[in-house]
Amino acid sequence: MPMAPEARGDERRLHPFSWLFVLITQLREVAFPLVLLLLFGRGQWWEFLAIVGAVLLALYSLVYSFGFRYRIGADELVVREGIFDRTERHIPFARIQNIARRSNVLHRAFGVTELRLESGGGSRPEAVMKVLRLADADALVLLLRAQRPPLESQSFAADAAVAAAAGEELLTLPVGELLRLGLISNRGMVVVAGAFAAFWQFDPGGGKHMFRPAFNLAEVAAGEVAALHAGPLVMALAAALLLALLFALLRVLSIALALLVHYGFRLEREGDRLGAGGGLLTQAHGSARIDRLQMLHVEESLLHRLFGRMSLKTDVAGGVREHNDQSGKLHWLAPIATPVQVDALLARIVAAPALADLPWRPLHARAWRRRARWPMLFWLLAACGLGFWFGPPGLLALLGVPWAATAARGWAGFTRYAMDERFLA
């Protein structure tokens with residue numbers, strides 16, 4: 001659809017340095033293999049072809065970014081993309097339901113941000129604006145939230161300032177709460193898994209010698225302990241101390257990740273929309289209409305209960321899920337909060353009663369039998385097979401039968417559900 005000549009003057013471009021961000025985005029996925037290939041000479045021939053293809057794709061995206069234009073209409077956003085193959089899309093404000101913002105260190109250095117606009121369905125976002133000026137992004141988010149045309153008497157930035165002052169703050173997380181979140185969560189294992197993946201990539205033997213340094217260190221430590229003629233109690237205490245140090249290291253990593261992801265977390269409400277986000281290096285902020293909240297999850301693990309805390313997150317109806325990435329999406333409403341805060345958030349967001357006030361009902365008295373049926377059958381068959389191959393020791397698998405029954409009884413005994421005219425919990 002060709003654009004009217006009088007509207008072309010209202011078109012806006014991305015930031016002049018948008019090509020730099022597009023180039024970095026395309027090349028960062030092959031940067032690590034490229035370093036391995038160039039510096040260490042390790043890799044397969046097809047990895048060179050993949051790198052060449054990524055470079056060509058980056059050059060194409062570089063040229064493509066110069067053809068991106070957008071225009072604010074009376075009740076729609078008009079996006080034009082492409083240089084040779086041009087595409088123009090008219091996106092009504094009412095269709096845009098989820099708004100995701102993301103700003104890393106490089107974005108903040110240039111005073112820009114990335115904006116992703118999603119509808120209730122579809123296989124891709126309605127529009128992805130890689131690099132927008134902060135003032136333009138704030139004003140565009142304002143217009144989409146209000147679903148009204150911009151005021152001709154106000155500038156783009158002034159209109160955004162009015163909206164920023166109208167938000168209602170529901171929750172903020174101080175550093176102390178983030179420290180508790182790191183102690184409760186176990187995300188330090190993510191760093192450990194990443195370290196193992198990197199070591200596997202560097203290992204020329206395909207990972208066969210990955211654990212050799214740890215085994216060598218353990219052998220040296222055992223030799224030193226044996227030379228001191230330490231008794232079994234001292235060795236047990238030393239092993240317990242080593243495990244405690246490893247556990248403490250994992251918790252330190254979990255705290256670091258909690259600070260990186262949720263530093264400055266803020267949950268706010270503006271009219272019928274919720275917005276939440278934070279981050280230390282990469283700041284991600286998601287926004288969605290309250291009526292698009294499909295499900296709310298309240299988590300209270302054993303460590304949560306020891307610290308007197310809960311976690312509250314949501315699933316938003318529709319939206320786009322690319323590569324299981326939750327960055328910039330409205331996902332966490334409260335990464336950590338007290339039970340009183342969670343009840344207050346549920347009441348203010350969806351007018352739900354307190355969790356303890358819901359009419360909880362138990363399951364049927366024989367529900368545990370359904371739960372235990374297949375696990376018990378599995379252990380019976382496993383005991384038969386192991387007994388045939390290994391004799392009487394294989395019959396120890398029969399211990400799984402009473403364990404499956406006990407676990408099913410415990411699950412059924414603690415499970416409750418509640419239902420009224422609005423909610424199913």
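## Terms and basis

A residue is called buried when its relative accessible area is under 20%, exposed when that area is over 50%, and partly exposed in between, using a 1.4 Å probe and protein chains only. The model is predicted: local features need pLDDT of at least 70 and side-chain atom pairs count only at pLDDT 80 or more, while totals for chains, interfaces and linings use all residues. Residues are numbered from 1 along each chain as its sequence is written, and side-chain values use heavy atoms, with hydrogens and water left out.

## Nonpolar cores

A nonpolar core is a set of buried Ala, Val, Leu, Ile, Met, Phe, Trp, Tyr and Cys residues joined through side-chain atoms within 4.5 Å. The largest such core has 28 residues, and Leu267, Leu274, Leu330, Leu345 and Ile349 have the most contacts inside it. Two or more residues each come from strands S8 (168-172), S10 (273-278), S13 (310-316) and S14 (332-337), and from helices H6 (175-184) and H11 (339-350). H11 gives the most, with five residues. Helices (H or I, at least four residues) and strands (E, at least two) are DSSP runs, numbered from the N terminus.

Leu330 is in contact (heavy atoms within 4.5 Å) with Leu274, Gly275, Ala276, Gly286, Ser287, Ala288, Leu293, Thr314 and Val316, leaving aside residues up to four places away in sequence. Another core, of 20 residues, lies apart from the largest one; Phe68, Ile91, Ile96 and Leu140 are among its members.

The whole structure holds 11 salt bridges, each defined as a side-chain nitrogen of Lys or Arg within 4 Å of a carboxyl oxygen of Asp or Glu. One of them joins Glu168 to Arg348, with the closest N and O atoms 2.2 Å apart. Glu168 is in strand S8 and Arg348 in helix H11, so this pair links parts of the chain 180 residues apart. Both ends are partly exposed, Glu168 at 36% relative accessible area and Arg348 at 40%.

Glu169 pairs with Arg266, the closest N and O atoms being 2.9 Å apart. Because Arg266 lies in strand S9 (residues 266-270) and Glu169 in strand S8, the bridge ties together parts 97 residues apart in sequence. Arg266 is partly exposed at 31%, as is Glu169 at 43%.

## Other salt bridges

Glu81 and Arg89 form a salt bridge through their side chains (3.0 Å, N to O). Glu81 is buried, as its relative accessible area is 15%. Elsewhere, a network of salt bridges links Arg12, Arg133 and Asp136.
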